[in-house]
Amino acid sequence: SKIGNSKFMKSYSVRVDGIPMVVKVYIRLNDEELSSYAIKLSYIWKILSPAKYPNLMPYQCWLKSNIRSKASGSPVYLIRQFLNDNLYDRLSTRPFLHDFEKLWIIFQ
């Protein structure tokens, strides 16, 4: 199912083997080179690895499609696991956190 209504990237919620995932689709132009971005995404994945930082969720996979359209180009997919709650939701819903719990979140 589609998430949001953006013109730059389309976001979709999908299930892979029962695990909810977020897929962002970017339509690249025919002459646009994305290899430098793939290197940057790999670097971000290495720096922010889930083993080292379990509270951060970088994109886990990126795929470039071989399908080409003369009018729009080919799609690139950014894929990561879907998290049902985020920090904003946790801070603003009941039961509210105590001051020391908020400090612990800030410390992390």
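Contact here means heavy atoms within 4.5 Å. By that rule, and leaving aside its neighbours within four places in sequence, Ser72 is in contact with Ile27, Arg28 and Leu29. This is a predicted model, where local features need pLDDT of at least 70 and side-chain atom pairs count only at pLDDT 80 or more, while totals for chains, interfaces and linings use all residues. Residues are numbered from 1 along each chain as its sequence is written, and side-chain values use heavy atoms, with hydrogens and water left out.

- You'll find Ser72 in the loop between strand 4 (61-64) and strand 5 (74-81); helices (H or I, at least four residues) and strands (E, at least two) are DSSP runs, numbered from the N terminus.
- Ser72 counts as partly exposed because its relative accessibility is 39%; buried means under 20% relative accessible area, exposed over 50%, and partly exposed in between (1.4 Å probe, protein chains only).
- Ile27 sits 45 residues from Ser72 in sequence, yet the two are 7.0 Å apart in space, C-alpha to C-alpha.

**The largest pocket**
- The largest pocket has a volume of about 330 Å³. A pocket, on a 1 Å grid over the protein atoms alone, is an open set of points where a 1.4 Å probe fits, with protein on both sides within 12 Å along at least five of seven lines.
- Grid points are joined across faces, edges and corners, and the volume is the space filled by probe spheres set on the points.
- Its lining (residues with an atom within 4 Å of a point) takes in 15 residues, and Tyr26, Leu34, Tyr37, Leu41 and Val76 lie nearest the centre.
- Helix 1 (35-47), strand 4 and strand 5 are the elements that give two or more residues to that lining.
- Helix 1 gives the most, with four residues.

- Ser36 lies in helix 1 and, at 36% relative accessibility, is partly exposed.
- Between the C-alpha atoms of Ser36 and Asn66 there are 18 Å, with 30 residues separating the two along the chain.
- Ala38 is also found in helix 1, and its relative accessible area of 28% makes it partly exposed.
- For Ala38 and Trp62, 24 residues apart along the chain, the C-alpha separation is 7.9 Å.

**Surface patch**
- Tyr12, Val14 and Val16 make a nonpolar surface patch of about 210 Å². Patches are made of residues with over 30% relative accessible area and no salt bridge, with like charges joined within 9 Å and nonpolar side chains (Val, Leu, Ile, Met, Phe, Trp, Tyr) within 5 Å.
- A salt bridge is a side-chain nitrogen of Lys or Arg within 4 Å of a carboxyl oxygen of Asp or Glu.
- Areas come from the Shrake-Rupley method with a 1.4 Å probe, and for residues only the protein chains shown count as cover.
- Tyr12 belongs to strand 2 (residues 10-16) and is partly exposed at 31% relative accessibility.

- Asp17 isn't a glycine, but has a positive phi of about 55 degrees.
- The loop between strand 2 and strand 3 (19-28) holds Asp17, which counts as exposed at 79% relative accessibility.
- Arg94 and Pro95 are joined by a cis peptide bond, with omega about -5 degrees.
- Pro95 is placed in the loop between helix 2 (87-92) and helix 3 (99-107).
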